[in-house]
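Me: I have a structure open and want to go through a few spots in it. Can you take them one at a time?
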Amino acid sequence: MQLKIATWNINSVRLRADLVCRFLDRWQPDILCLQETKCPEGLFPSVLFAARGYPHIAERGQAGYHGTAILSRLPIAEIASRQFCGKDDARHIAIRLAGDGLPWVHSLYVPAGGDLPDPALNPKFAHKIAFLDEMRSWLGNGLQDNAPHILTGDFNVAPLEHDVWSHRQLLKVVSHTPIETERLVAIMEGRSWHDVMRAHVPHTDKLYTWWSYRARDWVASDRGRRLDHIWLDSFYRRRRTALEVVRETRGWERSSDHVPVVVTLDL
DNA sequence: ATGGTAGCATAGCTA
């Protein structure tokens, strides 16, 4: 059995519901994890996605900000959601697929952290650091172990040198500062998470999932960052996988500034 | 060094 899993920071699921449908129709993932749905619970366009073959939906939303969801073709056995930093921000939802040995799949949205990379001066950055620290203990030993885990989402950190268009110029830019990248690497190593994207793309090659809206011409400047990730439990490390970063959607009219990451996994 | 764009609590916040 193959499992095709996609993650996409959609930056408003209601505004871009048609783009989600277009993506589902063409890429046909079994599971789509969404972040930044910006959609209060109850207003999620579930009917639209159910009609496309994704009737199994888990969502956690709030007005205006954040919001995560998971659309699935396969039945869901369990839904879980975690609170971070004592806030009720909608930044995480997870499903366990119904069936023996099938995994938990997580959709996670890490705080962006504001502009100034100093936790003493910028509360949003302090929140991001606290969030990453909490992630470390949660992902290290706080996960339910009744099934393997697949972690996806917008982690808002580009950990490796070639996860950004200019390592040197971004070392003091939030998303690529050592205080963040060292934490993300430590989280990954804490449970031997498998960075499946980088297993397919050499560390010396550029790899991005996000391009700013503020660029005059995002294609020409190509100043991207790899903010979105899919990590597999070490349980799956030796499995055959395939990867696609769907850069094409960034060029769709009124699209998200993030693009989908799609991983196919032999279960 | 600065400002650039986008979305939603439509006005100032977040990204």
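This is a predicted model: local features need pLDDT of at least 70, side-chain atom pairs count only at pLDDT 80 or more; totals for chains, interfaces and linings use all residues.

Me: How do the axes of α3 and α5 cross, and within what distance?
Reply: Helix α3 covers residues 123-141 and helix α5 residues 178-190; their axes come within 9 Å and cross at roughly 10°. Angles under 35 degrees count as roughly parallel, so α3 is roughly parallel to α5.

Me: Is the crossing left-handed or right-handed?
Reply: Left-handed, as α3 passes α5.

Me: Different topic. Where is Thr68, and is Thr68 buried or exposed?
Reply: Thr68 lies in strand β4, residues 68-72. Its relative accessible area is 0%, so Thr68 is buried.

Me: What does the side chain of Thr68 reach?
Reply: The backbone nitrogen of Ile93, at 3.4 Å.

Me: Which residues is Thr68 in contact with, leaving aside neighbours within four places in sequence?
Reply: Leu34, Gln35, Thr37, Ala58, Glu59, Arg60, Ala90, Arg91, His92, Ile93, Ser107 and Tyr109.

Me: Now α1. Which residues are buried there?
Reply: Helix α1 runs over residues 17-27, and Ala17, Leu19, Val20, Cys21, Phe23, Leu24 and Trp27 are buried in it.

Me: What do the buried residues of α1 pack against?
Reply: They pack against strands β1 (2-9) and β2 (31-35), helix α2 (46-51), and also β4, β13 and β14. Strand β4 is where Thr68 lies.

Me: Where is Asp222, and what is its phi?
Reply: Asp222 is in the loop between α7 (218-221) and β11 (224-225). Its phi is near 50°, a positive value in a residue other than glycine. Asp222 has 25% relative accessibility, so it counts as partly exposed.

Me: And Arg254, where is that, and is Arg254 buried or exposed?
Reply: Arg254 sits in the loop between β13 (241-245) and β14 (261-266). With 61% relative accessibility, Arg254 counts as exposed. Arg254 is not a glycine, yet has a positive phi of about 50°.

Key: Residues are numbered from 1 along each chain as its sequence is written. Chains are lettered from A and ligands numbered from 1 in the order in which they are written. Side-chain values use heavy atoms; hydrogens and water are left out. Axes are lines fitted to C-alpha atoms, for helices over the stretch in contact, and angles run from 0 to 180 degrees between N-to-C directions. Helices (H or I, at least four residues) and strands (E, at least two) are DSSP runs, numbered from the N terminus. Angles under 35 degrees count as roughly parallel, over 145 as roughly antiparallel, 65 to 115 as roughly perpendicular and the rest as oblique. A crossing is left-handed if the near helix is turned anticlockwise from the far one by less than a right angle, and right-handed if clockwise. Buried means under 20% relative accessible area, exposed over 50%, partly exposed in between (1.4 Å probe, protein chains only). A polar contact is a pair of N or O atoms within 3.5 Å; within protein, one must be able to donate a hydrogen and the other to accept it, and residues adjacent in sequence count only if both atoms are side-chain atoms. Contact means heavy atoms within 4.5 Å.
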